[in-house]
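Me: I have a chain open and some quick questions about it. Can you walk me through it?

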Amino acid sequence: MDWLVQLIWYDGKFLGIEWHLWKGVGWMGNVAFTSRILVQWWATERRKAVVVPDAFWWISLSGAACLLAYSVYQRDSVFFFAYVFTFIPYGRNLVIGHRTRKTCRTCAACGVRSPASANFCPQCGHALAKGAAG
Ligand SMILES: [Zn+2]
């Protein structure tokens with residue numbers, strides 16, 4: 001167990017890291033990027049189908065913002081360009097997801113949402129009401 005204590009509290013510092021505000025911002029970005037995968041996995045396991053919830057994109061945006069800020073602080077061009085353009089697909093996915101949900105139909109039998117063009121629920125086969133999106 002001594003090796004574990006040495007790993008956690010190394011050289012008089014937590015994880016041996018020289019902590020300061022910007023290091024905290026960068027690590028928050030890392031934690032966000034890791035947690036978004038757990039959120040997506042949880043949503044997928046819940047539905048038993050591959051699902052990318054809005055939370056995934058919001059967490060991605062916040063993680064990218066943290067890591068972008070950290071890259072500016074570090075004046076690291078490689079790190080900066082790795083995150084600066086990720087805002088475009090993350091933002092677009094949120095907008096497209098919002099637009100798609102507005103035109104979706106909700107199955108009265110099981111609550112699963114389907115595209116407006118669907119006539120039957122892909123989950124339970126229940127006929128979807130014509131005309132009424134919701
Ligand atoms: Zn259904």
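Me: How far apart do the C-alpha centres of domain 1 and domain 2 lie?
Reply: They lie 30 Å apart. Keep in mind that this is a predicted model.

Me: Which residues belong to each domain?
Reply: The domain assignment gives 23–102 for domain 1. Domain 2 is 105–134.

Me: Now the core. Which residues make up the largest nonpolar core?
Reply: There are six: Ala64, Cys66, Leu67, Leu68, Tyr70 and Tyr83.

Me: And which helix gives the most to this core?
Reply: Helix α3, residues 54–74. It gives five residues.

Me: What does Tyr83 touch, leaving out residues up to four places away in sequence?
Reply: Tyr83 touches Ala64, Leu67, Leu68 and Ser71.

Me: What follows α2?
Reply: Lys48. Its phi is positive, near 60°.

Me: What about α5, how far does that reach?
Reply: Helix α5 spans residues 87–102 and has 16 residues. It reaches 23 Å from its first C-alpha to its last, close to the expected 22 Å.

Me: How many buried residues does α5 have?
Reply: Zero among its 16 residues, and the helix is hardly covered.

Me: What is the phi of Leu15?
Reply: It is positive, about 60°, although Leu15 is not a glycine. Leu15 sits in the loop between β2 (13–14) and α2.

Me: Why does Leu15 count as exposed?
Reply: Because Leu15 has 11 C-beta neighbours inside 10 Å, and the cut-off for exposed is 12 or fewer.

Me: And where does Arg75 lie?
Reply: In the loop between α3 and α4 (77–83). The phi of Arg75 is also a positive value, near 55°.

Me: Is Arg75 buried or exposed?
Reply: Exposed, because there are 8 other C-beta atoms within 10 Å of Arg75.

Me: Last one. Where is Lys130?
Reply: Lys130 is in the segment after β4 (113–114). Lys130 is exposed, with 7 other C-beta atoms within 10 Å.

Me: How far is Lys130 from Ala118, by C-alpha atoms?
Reply: They are separated by 9.4 Å. Along the chain, the two are twelve residues apart.

Notes: Residues numbered from 1 in each chain as written. Predicted model: local features only at pLDDT ≥ 70, side-chain atom pairs only at ≥ 80, totals over all residues. Domains from an automatic or database assignment. Helix = DSSP H or I, 4+ residues; strand = E, 2+ residues; numbered from the N terminus. Buried ≥ 20, exposed ≤ 12 C-beta atoms within 10 Å, placed from the backbone. Expected span 1.5 Å × (residues − 1). Core = buried A, V, L, I, M, F, W, Y, C linked by C-beta atoms within 7 Å. Contact = placed C-beta atoms within 7 Å.
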